[in-house]
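Let me put the chain up on the screen, and then we'll walk through it together.

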Amino acid sequence: MADQRAELTWRDGGVPVSTRFDDPYFSLDNGMAETRHVFLAGNDLPARFGPGFQVAELGFGTGLNLLSAWALWEESGQQGALGFTTFEAFPMAPADMAQALRAFPDLAPWAARFLAVWQGTGRVDLDTLRFEMIEGDARATLPEWQGCADAWFLDGFAPAKNPELWGDDLLAQVARHTVPGGTAATYTAAGFVRRGLEAAGFAVERAPGFGRKRHMTRARMPE
């Protein structure tokens, strides 16, 4: 089990907020709609799905991004399992995760299947999902990862609150673990994040953000 758990408070009837980073885990407006806009559409999913597709993520949080991607994978009729690797320093306790996910009844079938076997860290292998959480500081763990992602979900807490997850060295590792033609997306449009992605080799664009966020960032690794 994890040595360090996420520390939470709850806001507005069900939104978990990290006490360590003073930042909510998902949008106070509509977390699921934000995930679909930023991470799914931002990586051109489901259009880019195909056999052996691999998602990688910085910041697992409540598992909302995972469950949204897995649901889209199944609903779009993909064959085989979706690969999904997440890097998380402070995993949320499964009971807290279950409580947070009650805010998204559309995902209840996937949440139930996942939580039935999830122990809070490690791996889950289901028929259509091959999931792994790599626990610890991503600055140390990502360089050791042997995989490469077709799509990255860059979903750490806000750069102003958690700058360690947005540094140039880590973004360079994201690029090193991205296939040619692979993509990355994030809710933030912070200039230093865009510049870090560009320095790492991505072609970067600013795109319309979700809700109160005017802009977000999309990136693509040249083929």
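I'll start with the chain as a whole, then go through some helices, and end with a few single residues.

First, the housekeeping. This is a predicted model, so to speak of local features we need pLDDT of at least 70, side-chain atom pairs count only at pLDDT 80 or more, and totals for chains, interfaces and linings use all residues. Residues are numbered from 1 along each chain as its sequence is written, and side-chain values use heavy atoms, with hydrogens and water left out.

So, the overview. We have seven helices and 11 strands. Those are DSSP runs numbered from the N terminus, with helices being H or I of at least four residues and strands being E of at least two. The chain has 223 residues, and 52% of them count as buried. Buried here is under 20% relative accessible area, exposed is over 50%, and partly exposed is in between, with a 1.4 Å probe and protein chains only.

Contacts next, meaning heavy atoms within 4.5 Å. Take the contacts between residues at least 6 apart in sequence: 71% of them join residues at least 24 apart.

Now helix α1, residues 31–40. How many of its 10 residues are buried? Seven, so the helix is largely enclosed by the rest of the structure. The buried ones are G31, M32, E34, T35, V38, F39 and L40. They cover an arc of only 165 degrees around the axis, which puts them on the same side of α1. The arc is taken from the directions from the helix axis to the C-beta atoms.

Zoom in on T35 in α1. T35 is buried, at 4% relative accessible area. Setting aside neighbours within four places in sequence, T35 contacts L40, L64, N65 and S68.

L45 and P46 are joined by a cis peptide bond, omega about 15 degrees. D44 is in the loop between α1 and β4 too, and D44 has a positive phi of about 60 degrees despite not being a glycine. Most residues other than glycine have a negative phi, and most peptide bonds are trans. D44 is partly exposed, at 34% relative accessible area.

Next up, a helix pair. How do α3 (residues 94–101) and α4 (residues 108–115) cross? Their axes come within 11 Å and cross at roughly 175 degrees. That makes α3 roughly antiparallel to α4. For the record, axes are lines fitted to C-alpha atoms, for helices over the stretch in contact, and angles run from 0 to 180 degrees between N-to-C directions. Under 35 degrees counts as roughly parallel, over 145 as roughly antiparallel, 65 to 115 as roughly perpendicular, and the rest as oblique.

On the α3 side, P94, M97, A98 and L101 meet A111, F114 and L115 of α4. By type, the residues of this contact are seven nonpolar, no polar and no charged. Nonpolar here is Ala, Val, Leu, Ile, Met, Phe, Trp, Tyr, Cys and Pro; charged is Asp, Glu, Lys and Arg; the others, Gly among them, are polar.

Which residues of α3 are buried? M97, A100 and L101. Down the axis of α3 they fall within an arc of 95 degrees, so they line one face of the helix.

Last stop, T188, in the loop between β9 and α7 (191–199). T188 is buried, at 8% relative accessible area. Beyond four places in sequence, T188 touches P159, W166, V193, M216 and T217.

That's my tour, over to you.
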